[in-house]
Amino acid sequence: MEGIPPEYMQLTKRLFATCFAILAVSLLAACSLQDQTSSLQTQADSAATEAPLPTATTVATTAAPEPTPEPTPEPTPEPEAFSIAWMSDTQTYTAANSDVFGKMTQWICDTQKKYNTVLTVHTGDIVYNPYQDIAWQNAVDGFRRLPEGMRILTVAGNHDQLPDYDKRTPYLDHRPDTDFDPKNAADESGYAYYTTFTAGGVPMLVFSLSYGFEVDASDWINAVCKTYSDHYAVLCLHSYMNFGGYTSIGRRLIERVVKQSPNIRLVLCGHDGGMLYVPEKLDDNADGTPDRTVHQMMMNVQDDPIKGVGYLRILRLDPTADTLEVITYSPVLDRFGYKAYAGDHFGESTVLEDAGIQDFLPNGIASTP
């Protein structure tokens, strides 16, 4: 360094120090920037780790509705035989304060399952004297022996009613009928009405036509039969026929009602003595061939005090065979069949063909031709 003036040497040292300072500042700034960048990256990485990953937006799609399955059709029930228990003219039994009437109804109860009895019918003269309270009480006690749920339909006979001038109604006050509905009556008196039900697969229409009210109800009966034309119709009344033919009531009803309503297939009555069967074969379409048989029966043997006590009948309807079996029995005498010189001679059991039940089986129910 000899020969260099001292002032140049001093200037050189200052320049060198300045350059060194500038370089040091630059290095420090670079390091600081690097540290900031690393910190920001670390924060970003941390935030990315903590933040949930974005999920793809699920677009709801409506699936095509499942078709409603067709209901499994219930099997059509097979028709089965069923029975109507029938009594008539029990006035001597209830008047005597005996247990004859009670034994009759008790037997119906005891054999209900055996015969599949769905209805008990009484075609009139329940009592002998309508003013006799004890007779009505005996009748009420007897009917109470019928099984719970049993349908009961009765008819007022001439002995069950008071004279016209006496407005009391002991029959209506005591009758045990289970299905009476004023809406199904011919008029407000309630002495003529109908009920409907199904038994053994057969729709049934049964009329209660009390003595003295049946003829005036003729048009009403036909109208009801037309409304329920798909029902097997039964007429229950007191006076209709006897061994001399049709009574005055019967002559009018056979022409005005039975021949006019094709679904009437069974007529039950009492009043006159004996057991009688009169079938009527009717040609409804006038083609010369009978279209139906109306089975008409009368029963009243209470005046036979030795061999006619306590008789009733079971009418067993078989839709499959299209038959009507008539079973005659006295639970008092414990005897099947009633022997008489005149009458239907049905004995213990008689099966009547062409009952007409199959005509009223709903479509799809099999039957034997």
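Trainee: How many helices and strands does the protein have?

Mentor: The protein has eight helices and 15 strands; helices (H or I, at least four residues) and strands (E, at least two) are DSSP runs, numbered from the N terminus. This is a predicted model, in which local features need pLDDT of at least 70 and side-chain atom pairs count only at pLDDT 80 or more, while totals for chains, interfaces and linings use all residues. Residues are numbered from 1 along each chain as its sequence is written, and side-chain values use heavy atoms, with hydrogens and water left out.

Trainee: What share of the residues of the protein counts as buried?

Mentor: Buried means under 20% relative accessible area, exposed over 50%, and partly exposed in between (1.4 Å probe, protein chains only). Of the 369 residues here, 45% count as buried.

Trainee: How is the largest pocket to be read, and what volume does it have?

Mentor: Rolling a probe the size of a water molecule over the atoms shows where empty space is left. On a 1 Å grid over the protein atoms alone, a pocket is an open set of points where a 1.4 Å probe fits, with protein on both sides within 12 Å along at least five of seven lines; lining residues have an atom within 4 Å of a point. Grid points are joined across faces, edges and corners, and the volume is the space filled by probe spheres set on the points. The largest pocket holds about 220 Å³ of space. Its lining consists of 13 residues, of which L162, P163, D164, D166 and Y191 are the closest to the centre.

Trainee: Which side chains meet in salt bridges?

Mentor: Side chains of opposite charge can pair when their charged atoms come close. A salt bridge is a side-chain nitrogen of Lys or Arg within 4 Å of a carboxyl oxygen of Asp or Glu, and by this rule the count comes to eight. Among them is the bridge between R144 and D141 (3.5 Å, N to O). Another joins D179 and R151 (3.3 Å, N to O). That pair links distant parts of the chain, 28 residues apart: D179 lies in the loop between α6 (170-174) and β4 (192-199), and R151 in strand β3 (residues 151-154). K259 and E255 also meet in a salt bridge (2.9 Å, N to O).

Trainee: Is R144 buried or exposed?

Mentor: R144 counts as exposed because its relative accessibility is 63%, whereas D141 is partly exposed, at 35%.
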